[in-house]
Amino acid sequence: MKPIFMTYTRGDLINLAILLIVGVVVIPMTVSSGYWYTSILIPWLCLALATIGQQIIMGYTGQLALGAAGFMAAGAFACFNLILRVPGIPFVAALLISGLIAAAFGILFGLPSLRVRGIYLMVATLASQFFIIWMIDKFGWFKNYDSSGIITAQDIVIMGKPFTSPVEMYLVIVAVVTPMTLIAMNMARGSTGRNWMSVRDMDIAAESMGVSLLKTKLQAFAISSFYCGVAGALFAFTYLKSLEPVAFDIKLSFKVLFMVILGGLGTINGAFIGAAFILLFPVLLNYIGNNVFHGAIDATIISAIEQVVFGVLMIIFMIYEPLGMAKLWETIKIKIAGLFSKK
Amino acid sequence: MTERNFPIGGPVLEVKNISLSFGGVKAITDTSFNVLEHEIRAIIGPNGAGKSSMLNCINGIYKPQVGSVTYKGEEVQKVTPNIMAQKGISRTFQNLALFKRMSVLDNILVGRKLHTTSNFMEVALQLPKAKREEKVNRDRCEEIVEFLEIDDIKNTPVGKLPYGLQKKVELGRALATDANLILLDEPMAGMNVEEKREMCRFILKVNDEIGTTMVLIEHDMGVVMDISDRVVVLDYGKVIGDGTPDEVRSNQRVIDAYLGVEH
């Protein structure tokens with residue numbers, strides 16, 4: 001497997017092409033039910049993007065940060081206010097600036113990482129989660145003095161054309177998530193990612209090689225929260241279609257954290273696998289409950305089963321496969337390839 | 001060693017009156033010595049003599065309470081690992097400090113950090129400069145991998161390798177920095193005779209071919225006497241002998257420290 005483009009092998013490029021064709025051509029042509037877009041594809045891609053952000057800080061840089069939802073909220077409300085207050089701002093520009101605003105918060109709340117690590121850092125970064133939500137709740141300006149608590153998100157308008165139907169919104173998300181994923185992969189495989197990982201694996205050696213801990217950690221926090229910010233804005237504008245601070249509570253942060261752990265620490269594709277699993281598993285359970293047991297199992301029990309299974313899986317993965325489902329998938333691929341090559 | 005590609009020059013590193021203590025425990029007391037350009041300088045001494053602490057002071061991991069480090073005739077004002085790396089001092093660690101989950105090649109590539117100027121935006125967007133730099137760095141690291149004869153394991157995560165190979169990777173990472181001076185903290189600890197001989201060969205070859213100055217801590221007296229140009233002996237944080245291997249070997253205080261003396 002010799003890389004033909006940077007560190008990308010021919011196989012990587014073929015995979016990318018297949019995914020793009022499926023994502024942009026096949027899905028919009030074949031899937032017509034709005035349910036698939038609004039309940040599965042759109043939240044999946046939004047949360048996968050946030051998971052990439054969490055992956056960068058946790059999986060690559062090894063900083064146990066817990067506050068993805070806080071940065072998502074910062075991005076979402078920044079985007080709302082930009083579109084509201086800056087006349088004629090293009091949606092994509094608003095999205096990017098929202099990301100940058102979230103990144104600024106990321107740098108601010110990343111500062112404790114220069115002093116504390118591990119579980120203590122986790123507690124310190126929780127501050128971002130609570131502070132950002134509190135700030136949005138406390139100052140009416142962020143919510144445009146709306147008293148109802150729930151604000152409707154504006155329509156996405158790009159070059160004068162509104163993107164309001166589920167398929168259109170899905171395509172907008174694909175157009176944002178694809179380049180951002182590629183960019184994340186470029187960073188992860190290049191010198192930037194090596195700096196992150198060196199800090200994660202052995203910070204004192206990294207420093208002795210000339211890697212600046214201060215710069216690398218804050219850079220990772222900034223990029224991570226940029227991804228979370230953009231993801232949060234997309235999440236609010238396409239999935240929630242409303243803005244309420246409650247939607248970005250600590251539960252969402254934990255959800256993103258679980259997506260990272262189940263998907264596999266330190267892998268970009270693991271972000272997509274982890275997000276898909278956590279989103280689809282409850283859907284699957286519901287489906288089984290309704291169609292196999294015909295509603296004989298109470299919905300509350302099903303959601304309890306969901307929690308139990310997640311908890312157990314989390315423990316199993318932490319112990320037996322810290323690299324998560326992405327690694328599992330690699331192993332399966334190698335096994336299958338081995339079967340074929342024997343014949 | 002009659003003909004050397006890089007003949008030994010003047011002092012490149014000078015350690016003056018270093019004293020380091022941890023609370024009430026004195027690790028190093030008023031220690032001074034120098035390292036000449038292109039030489040292989042060994043630091044020896046019994047366990048707990050302060051050898052590793054000495055290297056950590058030179059490289060800035062420990063901050064000595066008293067004393068100064070002068071590199072290339074200039075007193076280093078603020079000794080930190082990062083600044084020393086920028087000045088061209090690299091190192092390996094006693095208990096291995098590799099990036100365990102990264103591949104051998106990636107570990108060595110981190111050593112190229114200071115030869116990488118493209119920022120994260122250039123890397124993210126794969127601009128020509130970032131690509132060019134990555135290629136140059138990769139080529140250099142492939143050379144090192146080949147030189148150290150670890151070509152077949154270059155894509156293996158370092159954590160999965162046996163100890164001896166990990167030591168080699170660490171040397172490789174230090175070499176990748178193109179440092180003028182490399183501090184080797186027990187590069188041969190825990191190796192068998194064969195591996196030690198191999199490591200010696202690499203150290204001598206690097207010194208001979210690139211002219212890298214080496215400061216190494218070693219316990220195996222045979223090895224030290226064979227490869228080093230000059231030896232400094234520490235005991236209880238103090239210098240008790242300094243000179244060529246032959247001089248040190250016949251120094252009464254060194255013999256006493258190693259063999260014990262009747263009181």
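1. Start with the two domains of chain B: 10 residues of domain 1 of chain B are in contact with 9 residues of domain 2 of chain B. The model is a predicted one. On the domain 1 side, α2 (81-87) and α7 (193-209) of chain B each supply at least two of the touching residues.

2. Now the domain bounds. Domain 1 of chain B is made of two stretches, 1-88 and 180-263. Domain 2 of chain B covers 98-178. The C-alpha centres of domain 1 and domain 2 of chain B are 26 Å apart.

3. Next, the contact between the chains. Here 32 residues of chain B are in contact with 24 residues of chain A. On the chain B side, the elements giving two or more residues are α2, α3 (104-110), α4 (120-124) and α5 (128-147) of chain B. The largest share of that side, 4 residues, comes from α2(B). The chain B residues that touch chain A divide into 16 nonpolar, 8 polar and 8 charged.

4. Note α2(B). Helix α2(B) supplies at least two residues to the side of domain 1 of chain B that touches domain 2 of chain B. Helix α2(B) also gives the largest share of the side of chain B that touches chain A.

5. Turn to a helix pair in chain A. The axes of α10 (residues 250-263) and α12 (residues 299-320) of chain A come within 9 Å. They cross at roughly 45°.

6. Which residues of α10(A) and α12(A) meet? From α10(A) come A:Phe258, A:Ile261 and A:Leu262. From α12(A) come A:Phe310, A:Leu313, A:Met314, A:Phe317 and A:Met318. The residues of this contact divide into 8 nonpolar, no polar and no charged.

7. Last, one residue of chain B. B:Pro7 is placed in the segment before β1 (11-22) of chain B. Is B:Pro7 buried or exposed? B:Pro7 has 11 other C-beta atoms within 10 Å. The cut-off for exposed is 12 or fewer, so B:Pro7 is exposed. In sequence, B:Pro7 and B:Ser228 are 221 residues apart. In space, B:Pro7 and B:Ser228 are 14 Å apart, C-alpha to C-alpha.

Notes
Residues are numbered from 1 along each chain as its sequence is written. Chains are lettered from A and ligands numbered from 1 in the order in which they are written. This is a predicted model: local features need pLDDT of at least 70, side-chain atom pairs count only at pLDDT 80 or more; totals for chains, interfaces and linings use all residues. Axes are lines fitted to C-alpha atoms, for helices over the stretch in contact, and angles run from 0 to 180 degrees between N-to-C directions. Two residues are in contact if their C-beta atoms, placed from the backbone, lie within 7 Å. Ala, Val, Leu, Ile, Met, Phe, Trp, Tyr, Cys and Pro count as nonpolar, Asp, Glu, Lys and Arg as charged, and the others, Gly among them, as polar. A residue is buried if 20 or more other C-beta atoms lie within 10 Å of its own, exposed if 12 or fewer, and partly exposed in between; C-beta atoms are placed from the backbone. Domain bounds come from an automatic or database domain assignment.
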